[in-house]
Amino acid sequence: IMKKLVISTLIVSSVMAAQQSIAKSPMDYSYAGVRYFDQRLDDADCSQDGLSIYGSVEINEDLFAIGAISDASGNRGCGSETISAGVGYQTLFGADSSLYGSLSYESTNVDYGKSDSGLVGAVGIRGFISRALEAKIEAAHHTAFDGDTVLNGGVVYWFNQQFAATGDVSLGSDVSTIAVGLRMNF
C-alpha cells in the first residue's frame with residue numbers, strides 16, 4: 001500500500017507541475033517604461049503632449065499591480081497631470097498570449113478648469129506575433145470627466161529579453177493619443 005501511495009503521489013505531483021508550467025503565461029507583468037505622447041481632447045478643442053512613466057509588478061502568477069504618472073502641456077489653456085494605480089488579473093490565452101483585466105483609480109489635475117478622478121476598468125489581450133514583436137489590444141472605460149470608453153492598441157519590439165521600444169494608439173469619443181517609448185522588464 002505504501003508503494004502505491006508513493007507512486008500515486010509522484011504521478012499526481014508530476015501532472016500538477018506539468019499543468020502549472022504549461023498554464024504559465026509567456027507575458028511578463030513586471031516592467032517599467034517611459035513614453036512620449038501626443039493627445040487630442042475633443043471637448044476642450046485641446047492638443048497636448050508630454051511624458052508618462054508607467055509600470056507593472058507581478059504580485060503572483062495571476063495578479064499584478066499597475067501604476068502611471070503623466071504630465072502634459074499644450075495649447076489653448078491645455079495641460080494636465082494624471083496619477084493612476086490599480087490591480088489586475090491575467091490568465092493564459094493560447095500558447096503565446098494572455099488575457100487580462102484591471103481596475104484602477106486615476107486622478108487628473110488639469111492646469112485650467114476643473115480636475116476630476118474616477119475608476120478605470122480595462123480588459124485586453126497581449127501576445128507575441130513573432131519572437132521579438134508583441135502586440136496588445138484593450139478596451140478601457142474611464143469614469144472621470146463624464147466617462148469615456150477608449151480602444152487602445154500597441155506594439156512592443158524587444159531588442160532582447162529585457163529592453164524594448166513601444167508604440168501605442170488610443171481612440172475614444174473624447175480623446176485620441178499616439179505614444180512612443182521604451183520599456184524594461186525586471
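Visitor: Over how many bridges do strand E5 and strand E6 pair?
Guide: Happy to start there, with a predicted model in which local features need pLDDT of at least 70, side-chain atom pairs count only at pLDDT 80 or more, and totals for chains, interfaces and linings use all residues. Residues are numbered from 1 along each chain as its sequence is written, and side-chain values use heavy atoms, leaving out hydrogens and water. Strands are DSSP runs of at least two residues, numbered from the N terminus, and two of them pair if DSSP finds at least two bridges between them. E5 (residues 97–110) and E6 (residues 116–128) run antiparallel, and their bridges number 12.

Visitor: Which residue in E6 is the bridge partner of Ser 107?
Guide: The hairpin of E5 and E6 has five residues between the strands, and Gly 113 takes a positive phi near 110° there. Across the pairing, the partner of Ser 107 is Ser 117.

Visitor: Which residue in E7 stands opposite Phe 128?
Guide: E6 also pairs with strand E7 (residues 133–142), in the antiparallel sense over nine bridges. These two strands form a hairpin with four residues between them. Opposite Phe 128 stands Glu 134.

Visitor: Is Met 184 buried, partly exposed or exposed?
Guide: Met 184 is found in strand E10. Buried means under 20% relative accessible area and exposed over 50%, with partly exposed in between (1.4 Å probe, protein chains only). Because its relative accessibility is 30%, Met 184 counts as partly exposed.
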